[in-house]
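Good morning, everyone. Let's bring up the model.

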Amino acid sequence: LLDAFMAGKAPSEGEIRELKQALTTSNLRAPNRLEEMLLSNKKGFEGEVGLSLFEMLNPWRGKVPGSLGTPRGDSSSMKKMSRNSTMELDIVNDNMLHTDLFEVCFDPAAATVAGTEDEQGKKSASKVAFATAVLEVLETVDDWFFDAFELERVTGGHPVTTLSAYLFKRLNLLETFKIPERQFFDFLLKIESGYPNNAYHNRVHCANVVQSMYILLTRGFGPKLAGDKTMVSGLLAAIIHDYEHKGVNNDFLIRFQDETALKYNDRSPQENHHIAAAFEVMLTKPFDIFSNTSVEVFTEIRKAIIDMVLATDMKSHFSIL
């Protein structure tokens, strides 16, 4: 099928279904460097069928979505715009959404004060309604049955940024570690944009894990055992724990001889990547949230985060228990 495909022959629907069934087989062995083989012959990628087949074979090779904005309007109006004008509209919408979310997280009282829309930029009723809806979900953060899906909906696709900023402000962690609010907010947006739209390992899952970590650290023996450093380490580990996840498990990456598996010698390749990639962001301006923290404290926090994220590899489950 691949030979015919690379020769420019469009596969039939039946062949596509057979291939999809084969891909679900546990003992399937993918050819080495499959991506390069497919891309080397561009004739097969002229139609939607070819692109769909490539995406099915390499589900994690698609673009990692950037920041999600508010609804963009109907598709007919979008078709009349150029690519550049559409991108400009996305940036404007995202910036407006980010401004509203920043205020909700760090100044919720001001965010819910009603005003009239005028030239001075007083808050409109729609902005107040937006802030109120977000805060209604955030106020349930102490419940075990926290609805991360609802938070994703009301925040326009930013559950991780919104929840994490709200918790760090609530727990006074930003002040304790001298992390500027705007810098931390931008760091969260950057990390959240690195969560692809996977079926499971996505932004909603991450927000759910952050909230669960918060509950574990603030309930029962949590407050007695967890100081500020453990608190910030645990929450940051939850925030980054699936950063740039490829949507498949480690065994698949190892069998496929994926570059991540080769880089980390088949030892927890995804978890190692989550940590390394996230710390690369964390140590790069303007996202270096620990720039005001001593080397000793940062080293301690980093070690704790590494230990926690590596422990999310299920192969480590029973040895940890």
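Start with Asp-186 and Arg-182. Their side chains meet in a salt bridge, at 3.7 Å from N to O. Keep in mind that this is a predicted model. Why does this count as a salt bridge? The cut-off is 4 Å between the side-chain nitrogen and the carboxyl oxygen, and this pair sits at 3.7 Å.

Now place the pair. Both residues are in helix α12, which covers residues 181-192. They are four residues apart, so about one helical turn separates them. Are they buried or exposed? Asp-186 is partly exposed, at 27% relative accessibility. Arg-182 is partly exposed too, with a relative accessible area of 38%.

Next, helix α19, residues 295-310. Here Asp-307 forms a salt bridge with Lys-303. The closest N and O atoms are 3.0 Å apart. Again, the two residues are four apart, about one turn of the helix. Asp-307 is partly exposed, at 41%. Lys-303 counts as exposed, because its relative accessibility is 52% and the cut-off for exposed is over 50%.

Where do the partners lie? Asp-258 is in the loop between α16 (250-256) and α17 (259-263). Lys-246 is in the loop between α15 (228-240) and α16. So the pair ties together parts that are 12 residues apart in sequence. Both Asp-258 and Lys-246 are buried.

How many salt bridges are there in the whole structure? A search finds nine.

Key: Residues are numbered from 1 along each chain as its sequence is written. This is a predicted model: local features need pLDDT of at least 70, side-chain atom pairs count only at pLDDT 80 or more; totals for chains, interfaces and linings use all residues. Side-chain values use heavy atoms; hydrogens and water are left out. Buried means under 20% relative accessible area, exposed over 50%, partly exposed in between (1.4 Å probe, protein chains only).
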